[in-house]
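Please look over the sequence and the structure shown here before reading on. The briefing after them is meant for someone new to both.

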Amino acid sequence: MKKVAVVYWSGTGNTEAMANAVAEGAKAAGAEVTVMTSATFTPDKVDEFDSIAFGCPSMGDEVLEETEFDPMFTECESKLSGKPIALFGSYGWGSGEWMESWTERAEDDNASLVCESVICNEMPDDEGLEQCRALGKALA
């Protein structure tokens, strides 16, 4: 059984809803899933999991949340080479540029992106939640 971590930051609950759907998908595919916020995830935990889903909404000028999530992700980057990961998050405006930049960053870290990143405008609708479940299944 694969061990999957779902690590997220959410300010309004939109990305949290996505994280829960990712966890549902991974569990449905037979994985052991741990869901945690970015405040509780540290680089030493990267090796405890077979794969990791990282979730963060777009903030400010289409960037990752800068106080908690981005510092945590930055600290983890040196351990992501070859690690199966997936990225997801919500946004309220813009074009999704933050996800394109984040995906490039993960690729530069030589992380193994298991599927296309999932973005949802505001609260995820049924289609968005299903995409999150599929992301979770891809990690399992």
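Predicted model: local features only at pLDDT ≥ 70, side-chain atom pairs only at ≥ 80, totals over all residues.

**Helix α4: length and start**
- Helix α4 runs over residues 126-139, and at 1.5 Å a residue its 14 residues should span 20 Å.
- The end C-alpha atoms of α4 are 20 Å apart, which agrees with that expectation.
- Asp125 caps the N-terminal end of α4, with a side-chain oxygen 3.2 Å from the backbone nitrogen of Glu127.

**Helix α4: two sides**
- Gly128, Leu129, Cys132, Leu135, Gly136 and Leu139 are the buried residues of α4.
- Viewed down the helix axis, the buried residues of α4 fall within an arc of 110°, so they line one face.
- Asp126 and Glu127 are exposed and sit on the face of α4 turned away from its buried side.
- The packing partners of the buried residues of α4 are β1 (3-8), α1 (14-28), β3 (51-55), β4 (84-91) and β6 (118-121).

**Strand β3: burial**
- Five of the five residues of β3 are buried.
- In a regular strand, side chains alternate between the two faces of the sheet.
- Ser51, Ala53 and Gly55 lie on one side of β3, Ile52 and Phe54 on the other, and both faces are covered.

**Strand β3: neighbours in the sheet**
- β3 pairs with β1 in the parallel sense over five bridges, and Gly55 of β3 is the bridge partner of Tyr8.
- β3 also pairs with β4 in the parallel sense, over four bridges, and Phe88 of β4 is the bridge partner of Gly55.
- From β3 the chain passes through helix α2 (residues 69-76) to β4, in a right-handed β-α-β crossover.

Key:
Residues numbered from 1 in each chain as written. Heavy atoms only, no water. Expected span 1.5 Å × (residues − 1). Buried < 20%, exposed > 50% of the residue type's maximum accessible area, 1.4 Å probe, protein only. Arc of directions from axis to C-beta. Contact = heavy atoms within 4.5 Å. Polar contact = N/O pair within 3.5 Å; in protein donor to acceptor, adjacent residues only side chain to side chain. Pairing = 2+ DSSP bridges. Right-handed = clockwise from strand over helix to strand, strands pointing away.
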